[in-house]
Amino acid sequence: FPVTIRPKATVKAHGIELSVVIGHVDSNEVVTLFPRRTHDKVVGPADCPEGTYALQKRSPNHPHDGWMVFVSPAEEDPRAHLGQMCCVALENGEHVIAFIASGYRTGTFNLINGADGSVLRTDAMVAWASRVLWIKPT
């Protein structure tokens with residue numbers, strides 16, 4: 001069963017809200033979570049809800065290397081996010097960043113790479129999806 005991502009994701013320092021960087025996204029859009037108590041904090045967009053967390057893109061030699069992806073803390077039904085970029089929790093426990101499309105079989109989803117439009121997964125069994133709210137270049 002997929003891991004629920006529920007870090008204490010927003011902290012305040014000197015009146016500024018910081019988002020917790022809870023993991024990274026590789027060149028295949030696969031999310032790797034960091035161990036607890038090893039998270040960095042970054043200044044996030046002011047219009048994001050409390051609990052928003054960040055994932056850092058780690059794709060050496062790619063223009064998006066180092067970018068921060070800010071994700072909603074809400075873990076919702078993927079049908080509510082068709083056509084949107086999300087952090088997607090698969091039923092096998094894996095997490096990916098992808099655009100969500102209807103799958104070919106009932107109750108499944110196709111996951112599309114936002115960087116190049118390639119298909120990451122077809123007919124994926126998705127547990128939940130959290131919308132990407134903001135992407136911050138470095």
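Colleague: What share of the 138 residues of the protein chain counts as buried?

Modeller: The share is 44%. To count, a residue must have under 20% relative accessible area.

Colleague: How do you know how far to trust the prediction, and what is the mean pLDDT of the chain?

Modeller: The mean pLDDT is 89. The scale runs from 0 to 100. Of the residues, 89% reach 70 or more.

Colleague: Where is confidence lowest, and where is it highest?

Modeller: Strand β1, residues 10-13, is lowest, with a mean of 58. Strand β9, residues 109-112, is highest, at 98. Where pLDDT is low, the coordinates should not be read in detail.

Colleague: What makes up the secondary structure of the protein chain?

Modeller: Strands do. The chain has 11 strands and zero helices.

Colleague: Why is Arg-37 called exposed?

Modeller: Its relative accessibility is 81%. Exposed means over 50%, so Arg-37 qualifies. Arg-37 sits in the loop between β3 (31-33) and β4 (40-43). Its C-alpha atom is 9.4 Å from that of Ile-22, and the two residues are 15 apart along the chain.

Colleague: Why is Ser-59 called buried?

Modeller: Its relative accessibility is 4%. The limit is under 20%, so Ser-59 is buried. Ser-59 is also in a loop, the one between β5 and β6 (68-71).

Colleague: Which residues does Ser-59 touch, not counting those up to four places away in sequence?

Modeller: Ser-59 touches Val-25, Asp-26, Ser-27 and Asp-65.

Colleague: How many salt bridges does the structure hold?

Modeller: Three. Side chains of opposite charge can pair when their charged atoms come close.

Colleague: What makes Glu-29 and Lys-57 a salt bridge?

Modeller: Their closest N and O atoms are 2.7 Å apart. The cut-off is within 4 Å, so the pair counts. Glu-29 lies in the loop between β2 (16-25) and β3, and Lys-57 in strand β5 (residues 53-57), so the pair ties together parts 28 residues apart in sequence.

Colleague: Are these two residues buried or exposed?

Modeller: Glu-29 is buried, and so is Lys-57.

Colleague: How do you know that Arg-79 and Asp-77 form a salt bridge?

Modeller: The N to O distance is 2.4 Å. That falls within 4 Å, so the pair passes.

Colleague: Why do Arg-79 and Asp-77 get their accessibility labels?

Modeller: Arg-79 has 58% relative accessibility, so it is exposed. Asp-77 has 33%, so it is partly exposed.

Colleague: What makes Arg-121 and Glu-94 a salt bridge?

Modeller: The closest N and O atoms are 2.8 Å apart. Again the cut-off is within 4 Å, so the pair counts. This pair links distant parts of the chain, 27 residues apart. Arg-121 is in strand β10 (residues 119-124), and Glu-94 in the loop between β7 (85-90) and β8 (95-102).

Colleague: Why are Arg-121 and Glu-94 called partly exposed?

Modeller: Arg-121 has 25% relative accessibility, so it counts as partly exposed. Glu-94 has a relative accessible area of 23%, so it has that label too.

Colleague: Which members of the largest nonpolar core touch the most other members?

Modeller: Val-88, Leu-90, Val-96, Ile-100, Leu-111 and Val-126 do, in a core of 13 residues. β7, β8, β9, β10 and β11 (126-136) each supply at least two residues of this core. Apart from it lies another core, of 12 residues, among them Val-31, Val-69, Met-85 and Val-132.

Colleague: Which residues does Val-96 touch, leaving out those up to four places away in sequence?

Modeller: Among them are Glu-29, Val-88, Leu-111 and Arg-121.

Colleague: How do you know that β6 and β11 pair, and in what sense?

Modeller: They share four bridges, in the antiparallel sense. At least two bridges are needed, so the strands pair. The bridge partner of Val-71 in β11 is Val-132.

Colleague: What about β7 and β11, and how many bridges do they have?

Modeller: Five, again antiparallel. Cys-87 stands opposite Ser-130 in β11.

Notes. Residues numbered from 1 in each chain as written. Predicted model: local features only at pLDDT ≥ 70, side-chain atom pairs only at ≥ 80, totals over all residues. Heavy atoms only, no water. Buried < 20%, exposed > 50% of the residue type's maximum accessible area, 1.4 Å probe, protein only. Salt bridge = Lys/Arg side-chain N within 4 Å of Asp/Glu carboxyl O. Contact = heavy atoms within 4.5 Å. Core = buried A, V, L, I, M, F, W, Y, C linked by side-chain atoms within 4.5 Å.
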